[in-house]
Amino acid sequence: MKGSGLPITGLIVFLLLGFPAQANAFGFADVVAKAEALAGKDYQAPTPAPEFLRTLSYPDYQSIRFKPEASLWRSGRSRFQVMMIPPGSFYAHAVKLNVVDSEGVHPLAFDKTDFDYPNPELAKRIPADLGYAGFKLTYPLAGQGVQNQFLVFGGASYFRGVGAGQHFGLSGRGIAIDTGLPSGEEFPSFTEFWLERPAAGSDTMVVFGLLNGPSLTGAYRFEIRPGESTRMQVTAELFFREDIRQLGLAPLTSMFYYGDNTERPRGEWRPQVHDSDGLLVHDGDSGEWLWRPLLNPSQLQLSFHQVTQLEGFGLIQRDQKFHQFEDSEARYDLRPSAWVQPREGWGPGSVVLVEIPSGAETNDNIVAFWKPDQLVKGGERRRFEYALDFGGPQITGHPSGRAIQTFVGDGNRTGGGDEAGAYRFIVDFQGKTLDALRSDAAVVSQVTGGDGVEVIEHFVEYIEARDAWRLSILARPAAGKPLNLRGYLSLDNQPLTETWTYSLAPSTGLRANPE
């Protein structure tokens, strides 16, 4: 090679040694090795943030603002930028942040001047080595020139995502441990992240995370693509220190205060308040799509939806119109849905729905996750992969008619019926397979009740004013027992809709004179 001053063999050696970051690039295998080594040690909780930060009220904490001009990669050609989250309030501890680029792995040092503080007294108390509690990813979702926040990692193993034009609502989590059990829930935390710098102009970014908790450790890889909906390809390798009674894979956390199907709390003027209004499950073995409207129960309620071959599940916000909420600040009509699709098959198990009593919209009281049938033992190692989408309700690819609203009332009053101890259910179906039907089509309702439930009547009719097919059910539970129902619409013995399912606890106050 003319002018190089090196023979060919010497040039090859120079090229190999001159770029060590390419030859020894950091990747998922490195995080897996860290998680495996960590699992062999006793668990140590993260060092908490200073008490004066942890005890800040949420409004005071919110007044600590990261300066957008300090965003990571702002000066480069990357379409992605990163904003930092300070410890404080419910962000109880710092996490280690690293950047991975062509030159290797670099720790991201804390800089207190990257934040605006509400007053000088608070600013001077911030330690110079405080660290960051998490980070927010931004991307020009609305066009070049504006960086929109679309994904936030912060607090235990939580992360929140949105699609274009949406407001943050429900969250994903790395893992759920014993959620809803009397023994209490364990909250493992991401303790370290590695942010891989995207190539200039790339629409995809990779984040690695190290998870640690009393019962397990984990290595995570998130391949992230923002857009009309934001998609995350998630790979997790888990190492278990202890037996786990109820493992929750791909958990989702949301809020349901009240809706069309529930009583409105005294003094509330808004029609509905919720981040999600239902759980959707796609059973690949039977092909069934199951819809379960959410509830704010009077006592803790767990529902298990057994599935042999899971194709997908998610917490969905089907109500997408402003008049359904009338909240100009919270904009619940712009909250995202989340949809999980397993990769490589997860085997038999259950989609678990946990509904927790809540007296305020500030509480996340809904959790959904996949629980495998195979029990988890200490010393085991498991890997799972899935795609997670944040966006509008269409992210599910649902092919049939869907329940757009549910109403529940007393079955022994005008408009409800004349059956003591019964309830009237009204379910409106719309869309897809129903759109092409004539209003006089011979649509039939199929309804079954659970243990001890008496289905007194059910029928379906087309409601022209709503352009929907309305299923009406009158059903009575056994004394002191829950009322469980399933129903769908069919034509010529073929399903036209998803299966609507409902579970009403005996302690409901929907009847005027409950037994």
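The model is predicted, and local features were taken at pLDDT of at least 70, side-chain atom pairs only at pLDDT 80 or more, while totals for chains, interfaces and linings use all residues. Residues are numbered from 1 along each chain as its sequence is written, and side-chain values use heavy atoms, with hydrogens and water left out.

Lining residues have an atom within 4 Å of a point. Grid points are joined across faces, edges and corners, and a volume is the space filled by probe spheres set on the points.

The second largest pocket holds about 640 Å³ of space. Its lining comprises 21 residues, with P46, T47, A94, K96 and T191 nearest the centre. At least two lining residues come from each of α3 (28-39), β11 (189-196) and β12 (205-212), where helices (H or I, at least four residues) and strands (E, at least two) are DSSP runs numbered from the N terminus. The largest share, three residues, is supplied by α3. By class, the lining of this pocket has 12 nonpolar, four polar and five charged residues; Ala, Val, Leu, Ile, Met, Phe, Trp, Tyr, Cys and Pro count as nonpolar, Asp, Glu, Lys and Arg as charged, and the others, Gly among them, as polar.

Two cavities of 30 Å³ or more were found. Four nonpolar, five polar and four charged residues make up the lining of the largest cavity. The second largest cavity contains about 40 Å³, and I244, R245, L247, K371, P372, Q374, L375 and V376 form its lining. Five of these residues are nonpolar, one is polar and two are charged.

Q272 is located in the loop between β16 (256-258) and β17 (273-274). Because its relative accessibility is 3%, Q272 counts as buried (under 20% relative accessible area, with exposed over 50% and partly exposed in between; 1.4 Å probe, protein chains only). The Q272 side chain reaches the backbone nitrogen of D260 at 3.1 Å and the backbone oxygen of Q324 at 3.2 Å. Beyond neighbours within four places in sequence, Q272 is in contact (heavy atoms within 4.5 Å) with Y258, G259, D260, D319, Q324 and F325.

Strand β18 (residues 278-283) is mostly covered, with six of its six residues buried. In a regular strand the side chains alternate between the two faces of the sheet. On one side of β18 the buried residues are G278, L280 and H282, and on the other L279, V281 and D283. Strands are taken to pair if DSSP finds at least two bridges between them. Five bridges join β18 to β19 in an antiparallel arrangement, with H282 opposite W289. The hairpin of these two strands has five residues between them, and G287 takes a positive phi near 80 degrees. Strand β18 is also antiparallel to β21 (residues 310-316), through six bridges, and L280 has G314 of β21 as its bridge partner.

Notes
1 Å grid on protein atoms, 1.4 Å probe; cavity = no way out; pocket = protein on both sides within 12 Å on 5 of 7 lines; lining within 4 Å. Polar contact = N/O pair within 3.5 Å; in protein donor to acceptor, adjacent residues only side chain to side chain.
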